[in-house]
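Here is a briefing on the structure shown below. Keep the sequence at hand while you read.

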Amino acid sequence: MSPDPIDRRSFLGAAGGALLCTIGGQKVYADQEADVERLASGVTIPPKVEVAENNPGMIKASAVTGNRKEYWIAAEPRRWNIIPANKNGRKRDQMLNQTINKGKTSFDAYAYRPYSPNFGEPLGPATVPGPTLDATVGDTVVVHFRNRCPVPVTMHPHGLFYSNEMDGAYKGYWTDPGGFVQTDQEFTYVWECPEGTQGSWIYHDHGPVDPIPVYKGLFGSIVVRDPNEAPPDREFFIGFHSFVPAATGLRTNFNCVNGRSFTGTTPTFRANIGDVVDFHVYGIDDNFHTFHLHGHRWVDRGGEIVDNRTFGPADSFRIRITEDNPGRWLYHCHVFSHLHDGMSGWYLVE
Ligand SMILES: [Cu+2]
């Protein structure tokens, strides 16, 4: 048998495209569509996962301490439009006042979706990012997770405290059942929020075909509130990420904020003078970004006053301002090639 002929795209991928990851021995390039189901089929089911499936009920959730914050969340496939048209049927970049010309913008995404108890009814659509998990120091977060995607996926939290089997991560032979939730299976994650976990965090898929499902939309925010701190008047959760051709099958890369690209389709945030405003910001792709907010500045780690903060993959942080400056402002990544490719949005203060 001769090997498959190398077409131009795969040649470019093999020759010059950025390596995204290696799954089941297969190299995946960012600029080349990956067949995630075929990749998943090449991954051996870990022994502990197989045993658990044949013995339902063997997995005991850790004891729940403190307040219980309980969620029912499914990972589901859904069609996602990165750049919806405006009411005139056009795809416009409001920041540069120009038409966006990037070809097709819809693809088959994966997204987390919140449900009522026992998966009774959806509480809303599956979204990119997924629902924010909201807890306070002292709480225990219980997430009943169901996988409706065609490949094994998981939920893996940052920042919280959890025992080893609640990691939600694929670890080859040593994978626990929560790190390899197969199609139509469920797993209950128990994560704790003791003193020292307060902050702004993320969760994301960390299953055997990670990071493709993350690049398809499986990520979201976690906030752990400090009971000794006054709550904000408004808060916004902002994920800087990209939809790469490997995950979308689309022609080009999209630089995004919360699943959308370009000012006008990315979220427009609103506040009033005098509001205490929290921005929870994170990055979840292969790039370093900055968070820049026009017309404002804040006190960063170490007490320095800044208006632009650099962060890397899976970094997450919160900035707090007391609003004192009305107008139509931009927030954006200050890497120019990201900014001019859609990583920006409006912040409107009245
Ligand atoms: Cu950036």
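The model is predicted. The chain has six helices and 23 strands. Its radius of gyration is 21 Å, close to the 20 Å that the globule rule gives for 350 residues, so the chain is as compact as a globular protein of that length.

- Cys-333 and His-338 are both buried.

**Overall dimensions**

- The C-alpha atoms fill a box of roughly 60 × 55 × 40 Å, taken along the principal axes.
- Of the 350 residues in the chain, 50% are buried.
- The accessible surface of the chain comes to about 16200 Å². Carbon and sulfur atoms account for 50% of that surface.
- Take the contacts between residues at least 6 apart in sequence: 73% of them join residues at least 24 apart.

**Strand S8 and its partners**

- Is strand S8 (residues 140–147) largely enclosed or largely open? Seven of its eight residues are buried, so S8 is largely enclosed by the rest of the structure.
- Strand S3 (residues 68–81) runs parallel to S8, and eight bridges join the two.
- Within that pairing, Trp-72 has His-144 in S8 as its bridge partner.
- Strand S10 (residues 186–192) pairs with S8 in the antiparallel sense, over seven bridges.
- Here the bridge partner of Arg-146 is Glu-186 in S10.
- In general, strands of a sheet pair through backbone hydrogen bonds, either parallel or antiparallel.

**A four-stranded open sheet**

- Four strands form an open sheet with mixed pairing, in the order S7-S12-S11-S9.
- Strand S7 (133–136) and strand S9 (156–157) are the edge strands, each pairing on one side only.
- S7 runs parallel to strand S12 (residues 219–225), joined by four bridges. Ala-135 stands opposite Val-224 in S12.
- S12 and S11 run antiparallel, with six bridges between them. The bridge partner of His-204 is Phe-219 in S12.
- S9 pairs with strand S11 (residues 199–204) over two bridges, in the antiparallel sense. Pro-157 stands opposite Tyr-203 in S11.

**Aromatic packing**

- The structure holds 21 aromatic pairs.
- One of them joins Phe-269 and Tyr-331 in a tilted arrangement, 5.2 Å centre to centre with 40° between the planes.
- Phe-269 lies in strand S15 (residues 269–271) and Tyr-331 in strand S22 (residues 327–332), so this pair ties together parts that are 62 residues apart in sequence.
- Phe-269 is buried, with a relative accessible area of 8%. Tyr-331 is buried as well, with a relative accessible area of 0%.
- The ring centres of Phe-311 and Phe-317 are 5.3 Å apart and the planes stand at 65°, so this pair is edge-to-face.
- Phe-311 and Phe-317 are both buried.
- Phe-269, Tyr-331, Phe-311 and Phe-317 are among the members of one aromatic cluster. That cluster also includes Phe-236, Phe-240, Phe-279, Phe-291, Trp-298 and Tyr-347.

**Backbone features in loops**

- Which peptide bond is cis with omega near -5°? The bond from Val-128 to Pro-129 is. Pro-129 sits in the loop between strand S6 (106–115) and S7.
- The bond from Asp-210 to Pro-211 is also cis, with omega near 10°. Pro-211 is in the loop between S11 and helix H4 (212–215).
- Asn-258 is not a glycine, yet it has a positive phi of about 50°. Asn-258 is in the loop between strand S14 (254–257) and S15.
- Why does Asn-258 count as buried? The cut-off is under 20% relative accessible area, and Asn-258 has 12%.
- Phe-262 also has a positive phi, about 85°, although it is not a glycine. Phe-262 is found in the loop between S14 and S15.
- Phe-262 is buried, with a relative accessible area of 5%.

Definitions and conventions. Residues are numbered from 1 along each chain as its sequence is written. This is a predicted model: local features need pLDDT of at least 70, side-chain atom pairs count only at pLDDT 80 or more; totals for chains, interfaces and linings use all residues. Side-chain values use heavy atoms; hydrogens and water are left out. Buried means under 20% relative accessible area, exposed over 50%, partly exposed in between (1.4 Å probe, protein chains only). Two strands pair if DSSP finds at least two bridges between them. The radius of gyration is taken over C-alpha atoms; the globule rule is 2.2 Å times the number of residues to the power 0.38. Contact means heavy atoms within 4.5 Å. Accessible areas come from the Shrake-Rupley method with a 1.4 Å probe; for residues, only the protein chains shown count as cover. Rings of Phe, Tyr and Trp (its six-membered ring) pair if their centres lie within 6.5 Å; planes under 30 degrees apart count as stacked, over 60 as edge-to-face and the rest as tilted.
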